[in-house]
Amino acid sequence: EKKKELKINKVKNYFDEQRFGVEKKNSMIGKALVKKNFKKVCELCGLNIKGKDYVGSINNIDKKMLKFYVHSFQSELWNKIVKKLKHSYSKIPLLGFLTEFENKEIKDLSKKVLKEERISLKDFIIKQFLGLSMEGGMRDMFVKVDDFKYKYSKDNLNKGKFKVGLEFKLKSGSYATLIVKELSL
């Protein structure tokens, strides 16, 4: 109903909902893979199991999808850690079996989140599937919003209201949906 000035320079670089799938199924599958609960992976993926050959059944899933599931779980852990941080940092680790911590706050929170999930960094070594073990990595805590522009126009669907068109650039791997959510607060 009213036009307001919109401004945004940077946002926390969270992974957004689409990364996790409907009802967080992607991250649940990833967690089951990391915990080596292959029976649960088969159940969540709706796989037909011959005997109790869960690993054999999972091998029928595309390797890129299996990696995506584990990445989804890593993303969920990253979000949990960042939400609990009291201070800002330039980069936050994506947890994996080679993760090393340079900061006490990040290390302590990471250990707490791992304990809550009942996993360890070594659990990211998944020997049963070639190429599925995750070393870890780093992700920027904040993402810069470049070339931000907006334009109001009449909303043809909602009489007396306005709609806004947004234009901006983000670094690859960041979520535009977070910008929209931030602006709607």
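**Salt bridges and a buried serine**

Ser174 is placed in the loop between strand 6 and helix 6. The model is predicted.

Colleague: Is Ser174 buried or exposed?

Modeller: The cut-off for buried is under 20% relative accessible area. Ser174 is buried, and its relative accessible area is 17%.

Colleague: Which side chain does Ser174 join in a polar contact of 2.9 Å?

Modeller: Leaving aside residues up to four places away in sequence, Ser174 touches Asn13, Arg139 and Val143. The polar contact of 2.9 Å runs from the side chain of Ser174 to that of Asn13.

Colleague: How many salt bridges does a search of the whole structure find?

Modeller: Side chains of opposite charge can pair when their charged atoms come close. A salt bridge here needs a side-chain nitrogen of Lys or Arg within 4 Å of a carboxyl oxygen of Asp or Glu. Searching the whole structure gives a count of 13.

Colleague: How far apart in sequence are the parts that Asp16 and Lys181 tie together?

Modeller: Asp16 and Lys181 form a salt bridge, with their closest N and O atoms 2.8 Å apart. Asp16 lies in the loop between strand 1 (10-12) and helix 1 (25-34), and Lys181 lies in helix 6 (residues 176-183), so the parts tied together are separated in sequence by 165 residues.

Colleague: In which helix do Glu76 and Lys80 both lie?

Modeller: The side chains of Glu76 and Lys80 form a salt bridge at 3.7 Å, N to O. The two residues are four apart, about one turn of the helix, and both belong to helix 4 (residues 63-84).

Colleague: Which strands hold Glu167 and Lys149?

Modeller: A salt bridge of 3.9 Å, N to O, links the side chains of Glu167 and Lys149. The pair ties together parts 18 residues apart in sequence, because Glu167 lies in strand 6 (residues 162-169) and Lys149 in strand 5 (residues 146-154).

Colleague: Which residues do salt bridges that share partners join into one network?

Modeller: The salt bridge between Glu76 and Lys80 was described above. Through shared partners, salt bridges make one network of Lys24, Lys31, Glu76, Lys80 and Glu117.

Terms used
Residues numbered from 1 in each chain as written. Predicted model: local features only at pLDDT ≥ 70, side-chain atom pairs only at ≥ 80, totals over all residues. Heavy atoms only, no water. Buried < 20%, exposed > 50% of the residue type's maximum accessible area, 1.4 Å probe, protein only. Polar contact = N/O pair within 3.5 Å; in protein donor to acceptor, adjacent residues only side chain to side chain. Contact = heavy atoms within 4.5 Å.
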